[in-house]
Amino acid sequence: MAKKTEEKRFDVSVYLIKASQVSVAESTLFPPSASPQILRDDIPGGKFMALPVDAGAPKWASFVETLLPSGRNVDVLAQTPGGLLWIPHRSKRFLFTFGHAHAKLREEWLEPEFGKKVALSTIPQGQVVEVRAEQVFARWHISSERAPRASAVREFGFESDRDLVAAVEGVPSAMYLDSLGSKVRGGTALRIGLYFSKLLPTLDVIAERFDSNDYKNTWPQVDNLVVVRDALLSASLDKELDTIFGKPHVADRISLAAPAVKSGEKPYPHHFVIGRMGKAVATAPYLLIGNWEAHLRGLGKKMSVATALESPVHLLDESQDEFDTCTMYQCLGTEVSLRGQPFVLSSGVWYEARRDFVKATNLLISSIITTSYALPAWNQVDDEGRYNENAAAADKALWLFDKKLVNFGGGHSRLEFCDLMHLKSRTLYFVKHPSGSASVSHLCEQVRRTAENFFSIDGSFRKKLSTNIVKQNKTKNVSWLANRPKRQEWQLCLVSMGKPADKFPFFAKCGIARLLRELEQGGYNVSFQAV
């Protein structure tokens with residue numbers, strides 16, 4: 001008797017088509033002229049289509065040929081086949097992509113959090129391998145952390161009041177191992193190891209997990225931002241975005257990042273082309289507002305939601321081969337407030353901050369104490385540097401440390417101790433003009449670094465600070481730096497020029513709230529002052 005061959009799993013990417021987009025997606029991907037192959041009778045409505053490919057010499061071949069004798073060629077052709085598998089099941093439309101076929105999809109067709117919701121509802125918090133997150137309260141920084149083995153989510157740098165989870169990977173619970181395999185990854189798409197003989201039962205599990213919303217119970221910390229699904233609300237938010245485009249200093253309010261980076265499902269783009277793709281087109285290593293603005297200027301157009309939607313962005317790999325394309329709109333990151341409620345735009349999707357999250361953050365911000373020693377009022381004209389200089393000149397009790405950097409930490413690492421200090425009340429002032437969430441993020445990071453080094457058991461930083469103080473002729477008495485300072489005897493004061501904390505952008509408030517919790521739990525005194 002012949003031995004039965006054990007079935008092997010195959011890694012697949014599966015997307016969920018929005019119910020409202022099924023007709024347009026199906027007619028675009030599977031036009032009648034394409035003649036897709038119809039699947040078995042037990043998969044009604046299912047079909048597969050192989051995508052045509054053009055074989056050609058890979059780009060690297062021409063470089064290798066320069067090392068060969070004259071007249072010799074590298075005899076190699078490359079091709080990247082792909083395919084689309086369309087499966088109607090349980091009133092849903094699932095789409096499997098193979099090879100380069102994912103490039104055929106349009107973001108507006110896809111449920112943006114499908115894979116993430118299924119992954120979070122099957123992966124326990126103690127079995128996480130990778131978390132890809134976006135720090136929305138700062139300058140839309142993308143971070144990706146991967147552990148060598150399944151670990152608890154607390155061991156990652158993810159912060160629920162700071163980050164929007166774009167993708168998560170981990171080991172599913174035992175009850176889902178047979179259906180999904182030993183590793184599940186979810187962003188927009190769901191990546192699993194599939195037994196094709198169990199396709200429909202697996203889709204049953206996936207559909208049930210997506211509809212259950214159980215992730216809200218098992219991962220409550222990832223739901224502080226929820227997708228805006230109301231078309232009218234999204235349109236109103238786009239109008240707010242148009243208002244930002246019409247104001248100066250757009251780059252201070254909007255950042256750019258490729259949606260492929262955020263989802264974690266595609267290669268990392270190393271080069272970008274805005275507009276029409278050609279053989280001799282100029283590429284850029286980064287996405288910059290100025291480059292897009294220059295492209296539009298050449299077309300006689302201005303930045304707007306409409307031009308963002310019609311501006312193509314080509315994503316290229318290290319060899320400058322295009323692997324995907326998107327619109328500029330999908331690359332935008334920004335924060336707006338509508339009727340007092342905060343929203344963020346990321347990867348072409350608007351997200352709303354959950355109301356109880358907003359309430360808790362605002363409550364914490366309102367509880368920050370003020371210092372007893374008040375700084376001079378800001379004249380509404382000076383920049384941070386001039387304000388600090390004038391404040392120290394007007395009050396000899398204030399010591400100026402702004403731009404007085406301490407070489408510390410090896411290499412070219414330097415640390416600014418604080419902006420102003422009042423020794424008698426033992427208050428360190430950190431002054432910032434809060435132009436947006438990013439500037440407040442920088443302020444919080446400065447406070448963190450000072451707290452970490454000034455109050456450290458290791459006195460190396462304090463020793464170098466003492467040397468700087470004496471050199472700058474502030475005083476020769478630096479005995480107060482001889483021993484480790486007691487945290488409870490000092491104040492770390494965040495100073496805002498011209499704006500009270502309750503008027504900050506919401507995600508700037510999130511940064512301050514997080515800093516406040518961290519430092520107060522560590523025994524520090526944190527205060528706030530608006531000048």
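**A cavity and its lining**

Mentor: Glu113, Lys116, Lys117, Tyr215, Val222, Asp223 and Leu225 line the second largest cavity. This is a predicted model: local features need pLDDT of at least 70, side-chain atom pairs count only at pLDDT 80 or more, and totals for chains, interfaces and linings use all residues. Residues are numbered from 1 along each chain as its sequence is written, and side-chain values use heavy atoms, with hydrogens and water left out.

Trainee: What makes a set of points a cavity, and what makes a residue part of the lining?

Mentor: The search runs on a 1 Å grid over the protein atoms alone, and a cavity is a set of points where a 1.4 Å probe fits but cannot get out. Lining residues have an atom within 4 Å of a point. The structure holds two cavities of 30 Å³ or more.

Trainee: Why is Arg209 called buried?

Mentor: Buried means under 20% relative accessible area, exposed over 50%, and partly exposed in between (1.4 Å probe, protein chains only). Arg209 has 7% relative accessibility, so Arg209 counts as buried. The residue is found in helix 5 (residues 199-212). Arg209 touches Val118, Ser121, Thr122, Tyr176 and Asp214, not counting residues up to four places away in sequence. Contact here means heavy atoms within 4.5 Å.

Trainee: Is His271 buried or exposed?

Mentor: Buried: the value for His271 is 17%. His271 is found in strand 13 (residues 271-274). Among the residues that His271 touches are Thr283, His314 and Gln320.

Trainee: And why is Lys424 called exposed?

Mentor: Lys424 has a relative accessible area of 80%, so the label is exposed. Lys424 is found in the loop between strand 22 and strand 23. The C-alpha atoms of Lys424 and Ala397 are separated by 7.9 Å, though the two are 27 residues apart along the chain.

Trainee: How much of the protein chain is buried?

Mentor: Buried residues make up 50% of the 531 residues.

**Strands and sheets**

Trainee: What makes a stretch a helix or a strand, and how many are there?

Mentor: Both are DSSP runs, numbered from the N terminus: helices are H or I with at least four residues, strands are E with at least two. The protein chain has 15 helices and 25 strands.

Trainee: How do you know that strand 23 and strand 24 pair?

Mentor: Two strands pair if DSSP finds at least two bridges between them. Strand 23 (residues 427-432) and strand 24 (residues 491-496) have six bridges, in the parallel sense. Val431 stands opposite Val495 in strand 24. Both strands belong to an open sheet of five strands, in the order 19-22-23-24-25, with mixed pairing.

Trainee: What makes strand 19 and strand 25 edge strands?

Mentor: Strand 19 (398-400) and strand 25 (525-530) each pair on one side only.

Trainee: Which helix lies across strand 19?

Mentor: Helix 12 (residues 384-394) does, and also lies across strand 22 and strand 23, running at about 140° to strand 19. Axes are lines fitted to C-alpha atoms, for helices over the stretch in contact, and angles run from 0 to 180 degrees between N-to-C directions.

Trainee: Which order does the antiparallel sheet of five strands have?

Mentor: The order is 11-18-17-16-12, and the sheet is open. Strand 11 (225-227) and strand 12 (254-256) are the edges, each pairing on one side only. The twist averages 30° from one strand to the next. Strand 16 (residues 332-338) and strand 17 (residues 341-346) pair over five bridges. Val336 has Phe343 as its bridge partner in strand 17. Helix 11 (residues 355-366) lies across strand 17 and strand 18, at about 55° to strand 18.

Notes. 1 Å grid on protein atoms, 1.4 Å probe; cavity = no way out; pocket = protein on both sides within 12 Å on 5 of 7 lines; lining within 4 Å. Points joined across faces, edges and corners; volume = space filled by probe spheres on them.
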